[in-house]
Amino acid sequence: MDYYWNALHCIKHNNGCPGSEWSRWTPWTDCTVSCGQGLSERERECIVEVSQVTQRTLLPTCYGYHIRRRKRDKVLLPLITKSHGCVGSYKEIRPCYLNDCPVNGGWSEWEPWSQCSAGCGLGTQSRSRACSSPPVLGGGQPCIGPITHLRHCFVQPCKCVTHEVAVFLGDGSLSYLRTDSPIRLLHIYLKFKSSTDSGELIRREPLTKDFTKKSCCFVRLFLEAGYLVLSARMSRCYLSLITVQKIEHEKWTEVLIMITPSGATMRLDNRSMYYKAKFNCVLRNPNFDSDMVVGYDFKGEIEKLAVNFKKRNLRNSDNLESQKFPVSNISPVLITNVEYNEGEQDESLITLDNLILGPCPKNMKSWSIELVVKTQAAEGAVLVIKDYFLSTFLILLFETHRISLHLASGDCDTEVDFNTDAHLNVWTYIVINYNESECIGFRINGGRRKKLNECNDSQELSCKDHMYLGDVAPLLKKAQMTNFSYMKYVDSMIGTLAYLRIDDEVLDLESLPSRIELETEPFSNNYTELELPFGEQLNLSCLYYLDLSSNDVLARQYWNQSQPFWLKFDTPIDIKNNGTRDIQFDVYDNNRVSQLKTLHYKSREDIEGFYSCWLPYPKKSNGSEILFTYGVSVIQSSLEKSSLLLGISSIFFPKDPVPADDRKRKVVADAICCRNIKTFPLLSSFVKFGMVQKQWTITHINICTFLAGV
């Protein structure tokens, strides 16, 4: 009570206010941790002097007076007021560090993958991480695992272009001479890329110095306001075709044209749409043979050109002096302001939309298959190898987040797979291989090899003729592999094939047999024209020498036959369902020769055109699938004279007489005359023999005298 009384006097009257001072600091406490970073503290106390006034005390009366006493004591204030009256803090805290605590290291996140070391082909890339989350301290354990991760990468296939393109800048052209052989049908294939909306692609007419002058007989293919136009005129008869859509700039366009005495047909880029037109009058003895100018007033590029199933060179590569009969119509005789560049990589790629037939490895006891594909679908089958004797299939499948290899045989299905982040729209490099000491296995983008676990005695396959790429789903479905549930949902992969290597041989993708395509159809091993009197039966033959020992059962199952296909223009003739009311075909085959016959037809338009014998998987064709092509035109005596008589009259009364000293050209003219005479095989053989034996004494008069005598 005295404490509070004195405090009140101190505040109110400044009387009896205490004095104060700090006590000594206590020693520092122990560190709060046994290792590593901790805290230590110490304290002090505030000592306050307090004045106290004592009560008055009555002394014995003998003294006669009173005494009043006061004393001053030092008092320790309660804890809550340890600093009351003193200036400063009563506690101090400081960090303390005794020893390093052991801390095990931890990995940081992986850095992004580095750029691939190779811009094309197989390369490597790396990524790194650090042992810093947390770092190793106080003798802790280091991080376990690699600091750097390496992997193979494949950005894109290396450029492998074996062809070149002709570049036209608007003032250039290629000029070709006529064949000097009358032709009644004209077949043209052209692959071009335009930079503008106008320009002349092809003009077939007699060459003149004045390119603006048009003769009475011509065939023109040109661009007008972005549309592709075909125009033809033969004497007083003419026709025109124009596309309904514009041609895209800087994009490759393929055009296929057929012109017969009946009319013209044009098709673009494997589209299902055909442009057709008829001449406005009946052609009498047409002859579409003419000089040809390519690329006049055109800006863009041209890669391929074929006329009547023979490729036309874009450069003058003929050695005319070394040839007895220069084939000057194959190469240009005049090149004006035309440049040449390497072809683009995309031109050497093929799509997986079609069934592609690749050759089997030569030795099935040890083989390797390398391919590079870019997928455009999340799931699908890319490759199938079928055992010839057993119902065994080796299947390469792409799925959403993995790529797997299956060996399906009987009730057994083994598989091995790789997980992948994404395969859509990126190039993937795949190697599948086998030898007697190892099981079948594969690797992706140069990574480690994974192999199939065996579920049968042997994984050796007996591949005959071909393996299959691309549109392989129909094969698997027709094989009725019901034991494997996943086969019910397998689709064919959509994408691009850029590279295929079988063992040590890199294959030319463009030479691989596949379903018929627009670019496949214009090239043929053999082409000849036939004139068919109206009403007579058409009978065409194709000699192909099928090797019965190598018939592929799976191919026959898919194609429904092992014999060749017959095409009319660019469409396969379906013998089973070809029957229209106007024309009907039939095919006879003895595994050596295939014959196409017409049972009936009603008009010349039904029968005229180009017929090709196509072997989709030739064993020895050097990549050429069209074995024979026939150009068939119909002769109607009521409408026109026979071109045979026209050919004879042109020899007896030539408009352009043959120089007397030019024996070689004379023999060529005689040979042309005889080649059109289908009813005189002996004469044709005689002339051909004379040409081969270089018996240039055969004269113009001798041949035609013989013809007149017959």
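**Notebook: a strand, a histidine and some salt bridges**

I began with His-406, whose side chain makes a polar contact with the side chain of Ser-404 at 3.1 Å; a polar contact here is a pair of N or O atoms within 3.5 Å, where within protein one must be able to donate a hydrogen and the other to accept it, and residues adjacent in sequence count only if both atoms are side-chain atoms. I noted that this is a predicted model, in which local features need pLDDT of at least 70 and side-chain atom pairs count only at pLDDT 80 or more, while totals for chains, interfaces and linings use all residues. Residues are numbered from 1 along each chain as its sequence is written, and side-chain values use heavy atoms, with hydrogens and water left out.

I then looked up where His-406 sits, and found it in strand E26, residues 402–409 (helices, H or I, of at least four residues and strands, E, of at least two are DSSP runs, numbered from the N terminus). His-406 counts as buried because its relative accessibility is 2%; buried means under 20% relative accessible area, exposed over 50%, and partly exposed in between, with a 1.4 Å probe and protein chains only.

**Strand E14**

I asked myself how many residues of strand E14 are buried. Seven of the seven residues, 253–259, are buried, so E14 is largely enclosed by the rest of the structure. In a regular strand the side chains alternate between the two faces of the sheet. Both faces of E14 are covered, with Thr-253, Val-255, Ile-257 and Ile-259 buried on one side and Glu-254, Leu-256 and Met-258 buried on the other.

I next followed the pairing of E14, where two strands pair if DSSP finds at least two bridges between them. Strand E9, residues 186–194, runs antiparallel to E14 and is joined to E14 by seven bridges, and Leu-186 has Ile-259 in E14 as its bridge partner. Strand E15, residues 263–268, also pairs with E14 in the antiparallel sense, over five bridges, with Met-258 standing opposite Thr-265 in E15. I recorded E14 and E15 as a hairpin with three residues between them.

**Salt bridges**

I counted as a salt bridge a side-chain nitrogen of Lys or Arg within 4 Å of a carboxyl oxygen of Asp or Glu, and by this rule the count comes to 17 salt bridges. Side chains of opposite charge can pair when their charged atoms come close.

Glu-164 and Arg-315 meet through their side chains in a salt bridge of 2.4 Å, N to O. Glu-164 lies in strand E8 and Arg-315 in the loop between strand E19 (310–311) and strand E20 (334–342), so the pair ties together parts that are 151 residues apart in sequence. I found Glu-164 partly exposed, at 31% relative accessibility, and Arg-315 partly exposed, at 40%.

Glu-415 forms a salt bridge with Arg-402, and their closest N and O atoms are 2.8 Å apart. This pair links distant parts of the chain, Glu-415 in strand E27 (residues 412–419) and Arg-402 in strand E26, 13 residues apart. Glu-415 is partly exposed at 34%, whereas Arg-402 is buried at 19%.

I also looked at Arg-501 and Asp-504, whose side chains meet in a salt bridge of 3.9 Å, N to O; Arg-501 is partly exposed at 25%, and Asp-504 is exposed at 71%. My last entry is a network of salt bridges that links Glu-200, Arg-203, Glu-205 and Arg-220.
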